Amino acid sequence: MKYLLLRRLSQLTILTVFLLGPLAGVWIVQGSMAGSMTLDVLPLTDPLVFLQTVLTGHSPAATALAGGIIVLGFYLLVGGRVFCSWVCPINMINDGAGWIRQRTSIGDGSLGTTLRYWLLGFVSILAFTTGVTGWEDSNPVNIVSRSLVFLQWQVIWVILSLFIFGLLLKGGWCRICPTGALYSLLGYLSPLKVRSSNRETCDHCNACYQVCPEPQVLVTPLKNSAGSSPVILSGQCTNCGRCIDVCHKNIFKFGSRF
Amino acid sequence: MGNDLKSDTNTNRRQFLATSATAACGVVALFGLSGCTPDDGGAVLLRPPGAKGDFLGACIRCGQCVRACPHKTLKLVGLLQRGGTGSPHYEPRQIPCEMCADLPCIKACPTGALDPELTDVNKIKMGVAVLVDQENCLNYLGLRCGVCYRACPSIDKALTLDARHNSRSGKHTLFLPKVHSSHCTGCGKCEKSCVLPIAAIKVLPRSLAKGKLGEHYRLGWEEKAKKGKSLIPEALDLPDRMPEFTLPSLDEVKP
C-alpha cells in the first residue's frame, strides 16, 4: 500500500496547493496545470499544450518556454508518466472506476496500447493544420484540472464521463490519453525505473498483472528471463509502484535503468 | 504450448491493431467534426488586452490572466460554451475592463498570447463599441441621456455626441452618440452604463464591427488638409453670367 498511499498523497497535495488560492486566498500557485506560476518564480507548462501552440506557428514567450523545459527535464529524470500516476487528477477517477470494473462484470473491453500515439499524432496535426489548439476543447486532463481549480461545477459531467469510460474499458482514459503518450516518450529515456530484480522467485500469482495499469510492460522483464533485462524499460510504465506494493515475493523495486 | 502462446500473441496483436485503427479513425472523425474549430466557431467573445487574431493558437488556456485581473473582469470560457473552453474572455455588461495602467493580465500571460509589447492602455484594442440599437437609444429618441458618453474613459475622443436636427419635433436637437474606433479600446464602460434593461450600445469584436474602405479611397477633405491645398487643379472658375436670352415671342415660333 505504501506507494499507492504516497501517490494519493502526492496527487491530493498538488491539487490542494492549486486550490489554496481560490478557496483560502493563499496564492502559492497561480494558474492551472496547463500553465502555472509558483511563488512568482517557478513557471511550469504542460508539454502537450506547449507542443500544440508551437505547431500552430506561435513562438511562445520565454516564460512558457522555460516552464516547458523545466517540466520536460523533471519528468525525463523521474520517468515520463510519473505525471500520470503521481500528479494527474484523472488518475484517481480512473483508478476508482477500474477498482469497480475489476470487481464487477461491467466492462471487459480494452483499447490497444498504441491508440494513444495515434491520438498524439492527430492532436499535433490538428494544431498544425487549423492554427488552433483544438484538442484543448476536449482534452480531459487540462479540462478537469483547470475546472477544479477554477471551481467550474460543470466539471462533474466530465468526471462522470471519464468514470463511465473507465468502468467500460480496461485502463480507461489513461490507456489512450495523448498527454500520457507524450510523457511516455520521455519514459523511454528516463533513468528511474522499476526493476524485477529477483524475478526468479516469481510464483506466477498474477497479482502484479491484475493491478498494473499497463500490464503489457511487465511481460518481458518479468517472464522472459532468457537474456532480457529485468528493468521495465517501456515508457508506458507510469512508475506508479503498484507492482511493488502487491508482490508478496518482493520482486519489484525502484532502481536505475542501468 | 510455445506455439499456442505464439499464435495467441499474433491474434491478439492483429486484434488490437485492428481495434486501434478503428478507434483511431473514430476519434479522428469525431473530433474532426466537432472539436476542430479554425476560428472562434462563430462565438462572439471579447478577449483580454493584447490578444491577436491567432489567439486560440497562442493561448494555452492556463487561466493566469484571469487570476491576475484585479477587477474579476476576465473569466474563463465555460465547459459547454463555444469559443475555446478555458480560454479567457470578458462580458462588459457584467464587468467592464478597467484598463489598469500596469496591465497585470498581459504580465501574467506566460506565452505572449497577450502581446507583451502592448504597454500603453490607450492602444488596447479588445473590441469596439457599437450603438447597435438606434431604435431604443434614448438619445436617438430625443432624450438627453448620454450616460454612455459620460462613462467613457476616453470621452470626446472615443465617444462623442453629434448634434443633429430633430426632424420629428422640428425644433429640438438630437445628441447622437458616435463611436470613433481609432480611440475606442473596447473596455465596455459604455455598455455597462447604458440605462436600458438591455444595452443599446454594445462592445463587439473589431473583426465583426468594422467595415473597410476600399484601398483606393481617399477622403478629399483629409488629403486637402494634409497637403494644405487641393491635390487636383482647382476647378476652372469661369466668370458667372446671368442668362441673357429672352423667351422668343409666340409670333416668332409660329410656322
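What distance separates the centres of domain 1 of chain B and domain 2 of chain B, taken over C-alpha atoms? The legend to View 1 gives the value for this predicted model.

**View 1. The two domains of chain B and the contact between them.** Chain B is divided by its domain assignment into domain 1, residues 41-121, and domain 2, residues 127-207. Taken over C-alpha atoms, the centres of these domains of chain B are 25 Å apart. Domain 1 of chain B puts seven residues into the contact, and domain 2 of chain B puts in 13 residues. On the side of domain 1 of chain B that touches domain 2 of chain B, six residues are nonpolar, none is polar and one is charged.

**View 2. The hairpin of strand 4 and strand 5 of chain B.** Strand 4 (residues 159-166) and strand 5 (residues 172-179) of chain B run antiparallel and are joined by eight bridges. B:Asn166 has B:His172 of strand 5 of chain B as its bridge partner. Five residues lie between the two strands of chain B, and B:Gly170 in the turn has a positive phi of about 85°.

**View 3. The hairpin of strand 2 and strand 3 of chain A.** Strand 2 and strand 3 of chain A pair in the antiparallel sense, with four bridges. A:Leu42 in strand 3 of chain A stands opposite A:Thr38. This hairpin of chain A has three residues between its strands, and A:Leu39 takes a positive phi near 50°.

**View 4. The crossing of helix 2 and helix 9 of chain A.** The axes of helix 2 (residues 47-55) and helix 9 (residues 178-187) of chain A come within 9 Å, at a crossing angle of roughly 95°. Helix 2 and helix 9 of chain A are therefore roughly perpendicular to each other. Helix 2 of chain A makes the contact through A:Pro47, A:Leu48 and A:Leu51, while helix 9 of chain A uses A:Pro178, A:Thr179 and A:Leu182. Five residues of this contact between helix 2 and helix 9 of chain A are nonpolar, one is polar and none is charged.

**View 5. The two domains of chain A and the contact between them.** The domain assignment of chain A places residues 2-185 in domain 1 and residues 192-256 in domain 2. Over C-alpha atoms, 25 Å separate the centres of the two domains of chain A. The contact takes 17 residues from domain 1 of chain A and 14 residues from domain 2 of chain A. On the domain 1 side in chain A, helix 1 (2-24), helix 3, helix 4 and helix 9 each give two or more residues. Helix 1 of chain A gives the largest share of that side, four residues. By class, the domain 1 side in chain A that touches domain 2 has eight nonpolar, six polar and three charged residues.

**View 6. The side of chain A that touches chain B.** Chain A contributes 46 residues to the contact and chain B contributes 35 residues. Elements of chain A that each supply at least two residues to this side include strand 1 (29-32), helix 2, helix 7 (140-149) and helix 8 (155-168). Helix 6 of chain A provides the largest share, six residues. The side of chain A that touches chain B divides into 20 nonpolar, 23 polar and three charged residues.

**View 7. Prediction confidence along chain A.** Chain A has a mean pLDDT of 87, with 98% of its residues at 70 or more. Among the elements of chain A, the lowest mean pLDDT, 76, belongs to helix 11 (residues 219-223), and the highest, 93, to helix 4 (residues 82-86).

Technical notes
Residues are numbered from 1 along each chain as its sequence is written. Chains are lettered from A and ligands numbered from 1 in the order in which they are written. This is a predicted model: local features need pLDDT of at least 70, side-chain atom pairs count only at pLDDT 80 or more; totals for chains, interfaces and linings use all residues. Axes are lines fitted to C-alpha atoms, for helices over the stretch in contact, and angles run from 0 to 180 degrees between N-to-C directions. Angles under 35 degrees count as roughly parallel, over 145 as roughly antiparallel, 65 to 115 as roughly perpendicular and the rest as oblique. Ala, Val, Leu, Ile, Met, Phe, Trp, Tyr, Cys and Pro count as nonpolar, Asp, Glu, Lys and Arg as charged, and the others, Gly among them, as polar. Domain bounds come from an automatic or database domain assignment. Two strands pair if DSSP finds at least two bridges between them. pLDDT is the predictor's confidence in each residue, from 0 to 100.
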